[in-house]
Amino acid sequence: MSELDSLIKKSLSENISITNLEVDDSYLKFEESINLKKGSLYPFLILKILNYKKIIFASAACLLCLSLLLAGTSGDVRAAALDVINNVKMIFVTEKTGDEIKIVHKPSSEVNLQPYVYKQVYISDVEISKLIGYKIKFPDLIANGFELQERLLFLGLNKEISYDDKNLFTNKMEAAIENQKEFEELSSYNPYRGTSGLYKYTRPDHKFGVYFQISLWPKQSNLEAYSKYQVKIGDIKGYWLNVKYPVYPWMSPGQDNMTNKPAIKEDFYRLVWLQDDLTFAVQILNETNVKNINKDAAIEIAKEFIQAQPD
Amino acid sequence: MELYDIILRYQNGDSDSFEELYKNIYRKTYGTAFNILGIKAASEDIVQEAFIICYKSIHRLKNPEAFNTWFYRIVVRLSWRLAKDPLRHTWGEDFESQVSDNTDQICSRLDICEKIRTLKIPLRTVLILYYFNEMSVKEISQVLGCLEGTVKSRLFKARKILQSELFPDSIVNSQKKFKEVGLNE
């Protein structure tokens, strides 16, 4: 092994300093998570290991615990406890009225949605263009120093599916992001592909970099409703929108846990325009970035991007 | 193989074995996430998420010998998603909190780790899986879902960059380029 190899190996290993106590604490935390997530599974496990008399005792104890929970805890915990008793899965969804977003708690069986999945891809702009059916180029550099970090492809369904069926679709949709055969198998749900480029600018005075995303997807909505937010991107009509969106905790990677009440975030801006039956957007992702990319800067980014596109 | 036995026991119904598995591979799991992300809290989150997924899915793992590649595929994907999502975490510098006694060694180690952290995520991940997780090129290709040639290429590139950063005198005609960049605010 060379000197460099030894250095790398040693540094990565010595970089990790963990005590046995920390491992034990971590396991306890994991055990708590699993026991909370078991929900209706927990009585089943008890049934497996206990005899008849203990089964009755355990069930009664569960019910007592749930009743105490209902009596003395927060609204969210009470809602979760009610779910277990009534065996009805309740989830939190958002409903939009004008510019306002309202959080509503309803049975999952009453919720339909249009899911989407995404992943980072390592293919060229030419290959992305073939997949999305539109010639696109993500410049390596844009707006005086923003560097392209990642290309993303995403896939959505235009047809709504029920929330309870969502997980059945996720694997199929993920497979269909790059695979045309899998994509065509979803045709009855009217799938579409979109793409994003994630850009980062590392400033000497900024600790972590400034980010934005440029995305495009097939046109789906009428933007005329946002006429009061209209701006000009050269000769093109654009819209500068402050987007409110729900942030759920994750249930598993990239999958929102909608049984928990989301927080509504407002620190998300989007400069949107339509071109060739596609929706384009420059998306500025969070508060730190918003302070660094204002509306005028976003318009300049959009202009440069449009100019960089192939004929 | 010890890990293989623990997994088999768990799959055959010994529920205590999962705790043994957890504690057995915790350091490697946490270390993988931390070396990719550089953030303690986020790395612990990833450990928790990865083990929850493992707990739910390990019964479906037909070949326990493939556990390593299967499990670290989960860890790497979780780390990558967190790394690219500025919404999820406030990024912080946590390397300093790993300090122990010897200042020179610490500075040297932190310097190398800092250089590793400046590598792009695909290169950094390959480096970590190779040197920290001690995986073979084939195993790394299975974790990342790419060709062995791609792994070798990334490993070569990562080492080359680190070589030039850490041992600049050994590189002939090396140059650093600086760009003056600015934003109108």
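# Chatting through chains A and B

Student: At what angle do helix α1 and helix α2 of chain B pack?
Tutor: In this predicted model, helix α1 (residues 2-11) of chain B packs against helix α2 (residues 17-37) of chain B at about 150 degrees, and their axes are 8 Å apart.

Student: Are α1(B) and α2(B) roughly parallel or antiparallel, then?
Tutor: Roughly antiparallel. The cut-off for that is an angle over 145 degrees, and the pair packs at about 150 degrees, so α1(B) and α2(B) get that label.

Student: Left-handed or right-handed crossing?
Tutor: Left-handed, as α1(B) passes α2(B).

Student: Which residues meet there?
Tutor: From α1(B) you have B:Glu2, B:Leu3, B:Ile6, B:Ile7, B:Arg9 and B:Tyr10. On the α2(B) side, they meet B:Ser17, B:Phe18, B:Glu20, B:Leu21, B:Asn24 and B:Ile25.

Student: OK, what about α7 and α8 in chain B, at what angle do they pack?
Tutor: Helix α7 (residues 137-144) and helix α8 (residues 148-166) of chain B pack at about 105 degrees, with axes 8 Å apart. Roughly perpendicular covers 65 to 115 degrees, so that is how α7(B) and α8(B) are described.

Student: And which residues of α7(B) meet α8(B)?
Tutor: B:Val137, B:Lys138, B:Ile140, B:Ser141 and B:Leu144 do, and their partners in α8(B) are B:Glu148, B:Val151, B:Lys152 and B:Arg154.

Student: Zooming out, how many helices and strands are in chain B?
Tutor: Eight helices and zero strands. Reading from the N terminus, the elements go α-α-α-α-α-α-α-α.

Student: What share of chain B is buried?
Tutor: Of its 185 residues, 48% are buried. The chain exposes about 9,800 Å², with carbon and sulfur atoms supplying 48% of that area. As for contacts with a separation of 6 or more in chain B, 62% are between residues 24 or more positions apart.

Student: Switching to chain A: how many helices and strands?
Tutor: Ten helices and 17 strands. Of the 311 residues in chain A, 40% count as buried.

Student: How about the accessible surface of chain A? What does it come to?
Tutor: About 17,300 Å², and 52% of that belongs to carbon and sulfur atoms. For contacts in chain A between residues at least 6 apart in sequence, 60% join residues at least 24 apart.

Student: Where does A:Ser11 sit?
Tutor: In helix α1 (residues 3-14) of chain A. A polar atom of the A:Ser11 side chain lies 2.8 Å from the backbone oxygen of A:Leu7.

Student: Why is A:Ser11 called buried?
Tutor: Because its relative accessible area is 4%, and buried means under 20%.

Student: And A:Tyr245, where is that found?
Tutor: In strand β12 (residues 245-247) of chain A. A:Tyr245 also counts as buried, at 13% relative accessibility.

Student: Last one: is A:Asp277 buried or exposed?
Tutor: Exposed, because its relative accessibility is 62% and the exposed label needs over 50%. A:Asp277 is in the loop between β16 (269-275) and β17 (278-284) of chain A. Its phi is near 60 degrees, a positive value in a residue other than glycine.

Terms used. Residues numbered from 1 in each chain as written. Chains lettered and ligands numbered in written order. Predicted model: local features only at pLDDT ≥ 70, side-chain atom pairs only at ≥ 80, totals over all residues. Heavy atoms only, no water. Helix = DSSP H or I, 4+ residues; strand = E, 2+ residues; numbered from the N terminus. Buried < 20%, exposed > 50% of the residue type's maximum accessible area, 1.4 Å probe, protein only. Contact = heavy atoms within 4.5 Å. Areas by Shrake-Rupley, 256 points an atom, 1.4 Å probe, with all protein chains shown as cover. Polar contact = N/O pair within 3.5 Å; in protein donor to acceptor, adjacent residues only side chain to side chain. Axes fitted to C-alpha atoms, helices over the stretch in contact; angles between N-to-C directions. Parallel < 35°, antiparallel > 145°, perpendicular 65-115°, else oblique. Left-handed = near helix turned anticlockwise from the far one by under 90°.
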